[in-house]
Amino acid sequence: MAGQGIGDVRPRGLLRQTTRPRTTGDGHERWVGTDVRIARFAVGDEVGYGVVGEARGDGPPGTHAAGGGQVIAPLSGHPFGPGPDAIRLTGTSHRLDDVRLLAPVLPSKVIAMGRNYADHVREMGGEPPAEPVLFLKPSTAVCGPGDPIRYPVTLAKRVDYEGELAVIVGRLCREVPASQAAEVIFGYACANDVTARDLQERDGQWARAKGFDTFCPLGPWIETDALAGDATLVTSVNGQERRHASIPGTAQGVAALIAAASSVMTLLPGDVLLAGGAGGAADELDCGDEVSVSIDAVGTLTNKVEKGD
């Protein structure tokens with residue numbers, strides 16, 4: 001029966017609790033998260049998850065948050081761990097500028113939705129499909145904010161960007177009806193479905209064209225409170241806007257994407273679903289270009305194109 005595959009997981013509300021103001025013994029609020037943003041980050045050789053928010057006052061003793069500004073408060077445990085004690089704030093924080101943001105998840109798979117925006121489909125010489133067209137990008141294609149997109153110059157002669165909304169799955173699930181899709185969404189991020197367009201046309205299928213290492217930038221964090229239906233997606237190259245779309249403009253919608261994907265395969269916590277490329281101007285990238293994907297309710301993901309093998 002549809003919906004029976006939805007598994008148990010810690011309520012998303014626990015994540016919201018981690019961003020409440022923290023009051024110390026002297027009665028001062030040290031930091032507060034204005035949005036529920038879960039980031040994966042590195043400081044030196046240490047990698048972990050944290051909550052991104054705004055610092056207040058002097059910050060907790062012994063941390064790098066003095067003076068205000070954006071900070072990241074490390075979490076003990078894992079955001080996708082089960083049980084009410086899966087994650088806790090450690091009581092420390094770092095300035096966001098002092099850490100390196102990483103891809104917010106390491107998914108078992110990236111499921112993408114092709115031909116979802118009508119204007120983009122017609123640009124490619126086709127018509128929107130009656131049913132969602134799904135394809136996979138390997139987990140090894142994922143990279144994080146600031147990581148280079150490596151142009152495979154030996155094999156490809158044209159590489160395109162496709163700024164997209166990424167939907168992060170929060171629980172093990174299968175056969176999720178569209179009406180219950182919100183229950184399995186952990187949050188949202190920005191994504192870039194980088195594609196070797198000439199290989200896509202030559203191969204007649206998309207595995208090679210979309211599967212190169214670094215061809216799926218994700219970030220800058222997971223926004224758990226973002227409302228996909230209210231968001232605007234903008235893709236820019238070298239500071240110039242190239243594509244602009246409203247998230248509700250998707251032909252099938254996020255709920256339909258989750259229903260379609262979960263009807264075929266089991267979704268695991270941390271899996272990523274890409275909601276499709278938005279229409280606009282030219283797509284092509286060159287070595288040296290800097291491409292940014294911005295979703296107003298989420299943030300901005302920026303990566304530079306470098307010459308690869």
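A salt bridge is a side-chain nitrogen of Lys or Arg within 4 Å of a carboxyl oxygen of Asp or Glu. The legends below describe close-up views of a predicted model.

**View 1. Arg174 and Glu175 form a salt bridge.** The N to O distance between the two side chains is 2.9 Å, and the pair counts as a salt bridge because the cut-off is 4 Å. Arg174 is partly exposed, with 29% relative accessibility. Glu175 is partly exposed as well, with a relative accessible area of 34%.

**View 2. Lys109 is joined to Asp271 by a salt bridge.** The closest N and O atoms of this pair lie 2.7 Å apart.

**View 3. Glu306 and Arg150 make a salt bridge between two strands.** Their side chains meet at 3.2 Å, N to O. Glu306 belongs to strand β21 (residues 299–307) and Arg150 to strand β10 (residues 149–151). The two residues are 156 residues apart, so this pair also links distant parts of the chain. Glu306 has 35% relative accessibility and counts as partly exposed. Arg150, at 40%, is partly exposed too.

**View 4. Salt bridges link a group of side chains into a network.** The members are Lys137, Arg158, Asp160, Glu162, Asp193, Arg197 and Lys210.

**View 5. A cis peptide bond lies between Gly219 and Pro220.** The omega angle of the bond from Gly219 to Pro220 is near 0°. Pro220 is part of strand β15 (residues 216–223).

**View 6. Thr214 has a positive phi although it is not a glycine.** The phi angle of Thr214 is about 75°. Thr214 is placed in the loop between α4 (207–210) and β15. Thr214 counts as buried because its relative accessibility is 13%, and buried means under 20%.

**View 7. Asn238 also has a positive phi without being a glycine.** Here phi is about 55°. Asn238 is found in the loop between β16 (232–237) and β17 (240–246). With 43% relative accessibility, Asn238 counts as partly exposed.

Technical notes:
Residues numbered from 1 in each chain as written. Predicted model: local features only at pLDDT ≥ 70, side-chain atom pairs only at ≥ 80, totals over all residues. Heavy atoms only, no water. Helix = DSSP H or I, 4+ residues; strand = E, 2+ residues; numbered from the N terminus. Buried < 20%, exposed > 50% of the residue type's maximum accessible area, 1.4 Å probe, protein only.
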